Amino acid sequence: MNNVYKFHACLIKTGLRNEPVSLRRLLLSFAAAAPASLPYARSVFARIPSPDTFAYNTIIRAHAHSSPSHAVSLFSTMRRDGVSPDHFTFPFVLKACARLHVGHDAHGLIIKLGLDSDIYVQNALISFYGSIGSVATALHVFDEMPERDLVSWSSMISCFANNNLGYEALGLFQEMQLAGNLKPDEVTMLSVISAVSSLGALELGKWVDAYISRTQLNRTVSLGTAMIDMYSRCGSVDDSIKIFNGMAVKNILTWTVLINGLAVHGHGEEALEVFREMKEAGLKPDHLTFNSVLVACSHGGLVEEGWGVFESIKTDCGMEPTVEHYGCMVDLLGRAGLLDKAFEFVDTMPTRPNAVIWRTLLGACVKHDELKLAEKARAKIYEFHPNHDGDYVLLSNAYGRVGRWDEKANVRNSMREKKLGKEPGYSLLSAGDMVYEFVSGDDSHPKSNEIKRFLISIIDDLLAEGYTPHTSNVLHDIEDEEKEQSLSYHSEKLAVAFALLRFKDRKIIRVIKNLRICYDCHCFMKNVSDKFDREIVVRDRNRFHRFSKGSCSCKDYW
C-alpha cells in the first residue's frame, strides 16, 4: 500500500494525476493491492473527471472478490454514466454477482449488448450459474459454445462438482480428454478431485493420482492437500498419509486436512501426534486446525486431552475460541456421557449458544437416554428452528428407546401436523469405476427384488446366530415383525447385500451414507463382516466406520 500512496503523490506533484497512461497504472496498482487499497481507491476514482471503460473495469475488478457489493454498485454507476461495458467488464461483474447471489438479469444485458458470443463472457456465465446452483442453465451456455478453451471445460466440471454432481463432473472430464489437445491444469484437477471425494470412489481416486503422475502435472501444495482430503474421504487414510509424507512443502491447511482425516477415521491419538509434529515444525494452528483436533478428541473419547487443546487456544495461541470450538467441546462431553458437565459448559459460554450446539446436546441426551435433558435441549432448539425435522426425529427416537410410546406418538403427530418428514436415507456403493445408489425402502433398483430376498436370507441367518435387531427407533404402532422389516431395508444394508451378491471376490466393501448410521445397521455390519469375512467401510454423515471380524474401528463409541 505504501508504494501506491507514493505513486499517487508523485502523480499529483508532477501534475499527471489525470494523464490517461499514469491513471491506468495507478488504478492497476490499486487492484494489485486489494483489499487493503479499496477505500482509498474509491476516493481517488470518485475524483476522476470522466472515467472510461478501462477505468471502470479496473475498479470493478479490484472489488469483485473481497467487496462484491461495491463492485455491483460501481457497475450500476458505469451504466448510469453511459459508459459502455465490454467483454472484460462482465467476468468481473458476474464474479461479484455470484458472491451476492444476484444478477439474474445480467445475461439478458449481455445478449442485448451482443457480447454473448465472446468466450470470456461465456466462461464467466458458466461460473456464475454454477455458483448460484443453476446447473442446467450453465450447461446450456456450455453446449451452445462453438469453441471452448480449457477454462470453459474447467468451469463446467467445477459447476458439476460443486453442485454434488460427481458422476457428471467425471464424465465431462473424460469427454474433455477426447475433445482435443487440451491438457488439464491444477484448477481442472482440483474440481475432478472434489468430484471423486464426494463419491467416495477409491478406485477412481487412485486413477486420478496415477493420471497426475502420468501427465507430470506439478503437484502443488493445493493439489497435494486436495489429494490428502480425497483419499481420506474415500476411506483410505493410509494413502492420505503417503501423499502427506511425499510433499516437500506443506502449509497449515495441509496439516489440518490430515488431522481431520485421522479424526473422522477414529485415529484420535495419531491425530494428536500429527498436531504436535505440526507445532514442532514451527506452524501456528488456526481455528480450523483446532476444530479438527477437537473432533479427533471427541471421536476418540479423549476428554482430558480435549480440555487441554481447548484451553491452549487462548493460553498458547492468544486466540479466542469460536462458537465452533465450543460446539466441539459440547460434542466431546456429550459423547462421553458427561451431560451435566456439558450443560454447565453451555451455560457458561461467553456467547449465546446456537442451534447446532443445542442439537449436539439433544443427540447426546438421546444416546444416553437422558429424556429430561433431551426435552430441555429440544425446547432451546425450538427458539431457533421450530420446524427442523431432525430434532423431532431425535426426540421421537429418545422416547422409543425407553418405551414411552405415547410421547413418541405425540412427537410423530406433531410432525404430521407440521407436514414434516424424515430425510430419506440413501447410500452410495463404490466398486471399481462405478458408483451404485440405494435408497431406503425404494424399489427402483433393477435388481431390487433379488437384493431384498438375499438381504432377508442374510438377516435370517444372523438371527439364528444370535443377532437381535434394534427396533426402538421404529414407529411403535406396528408389530415387531414389521419393525424388523422396516429396519431391513435401510439403504446401507441394501448396498452391502448387493455388494455380496454382485462382487463375490471383493474383500473390501465401501459405502457412503447421507445420514448417521443407526444402531441396528451398525450391529448388522459387525455381524456381516464376521460371517462373510469382509471388511466393510461406511462413511456416514459424521465419520468413518471400518467393520472387520465382528468389530468396528469406532469401538462402538460414536
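A residue counts as exposed when its relative accessible area is over 50%, and as buried when that area is under 20%. The model examined here is predicted. In this model Asn164 has a relative accessible area of 67% and is therefore exposed. Asn164 sits in the loop that links helix 10 (150-162) to helix 11 (166-179). Its phi is near 60°, a positive value in a residue other than glycine.

Lys555 also has a positive phi, of about 55°, and is not a glycine. Lys555 belongs to the segment after strand 6 (551-552). Its relative accessibility is 69%, so Lys555 is exposed.

The cysteines were examined next. A disulfide is a covalent bond between the sulfur atoms of two cysteines. A pair qualifies as a disulfide when the sulfur atoms lie within 2.5 Å. The count under this rule is 0 disulfides. For Cys297, the closest cysteine sulfur is that of Cys328, at 9.6 Å, which is too far for a bond. Cys297 is buried, with a relative accessible area of 0%. For Cys552, the closest cysteine sulfur belongs to Cys554, at 3.4 Å, and this too is too far for a bond. Cys552 is buried, at 7% relative accessible area.

Glu269, Glu270, Glu304 and Glu305 form a negative surface patch. At least two residues of the patch come from helix 17 (268-280), and at least two from helix 19 (303-315). Glu305 is located in helix 19. Its relative accessibility is 33%, so Glu305 counts as partly exposed.

Methods
Residues numbered from 1 in each chain as written. Predicted model: local features only at pLDDT ≥ 70, side-chain atom pairs only at ≥ 80, totals over all residues. Heavy atoms only, no water. Buried < 20%, exposed > 50% of the residue type's maximum accessible area, 1.4 Å probe, protein only. Patch = residues over 30% accessible without salt bridge, like charges linked within 9 Å, V, L, I, M, F, W, Y side chains within 5 Å. Areas by Shrake-Rupley, 256 points an atom, 1.4 Å probe, with all protein chains shown as cover. Salt bridge = Lys/Arg side-chain N within 4 Å of Asp/Glu carboxyl O. Lys, Arg positive; Asp, Glu negative; His and termini not counted. Charge placed at Lys NZ, Arg CZ, Asp CG, Glu CD. Helix = DSSP H or I, 4+ residues; strand = E, 2+ residues; numbered from the N terminus.
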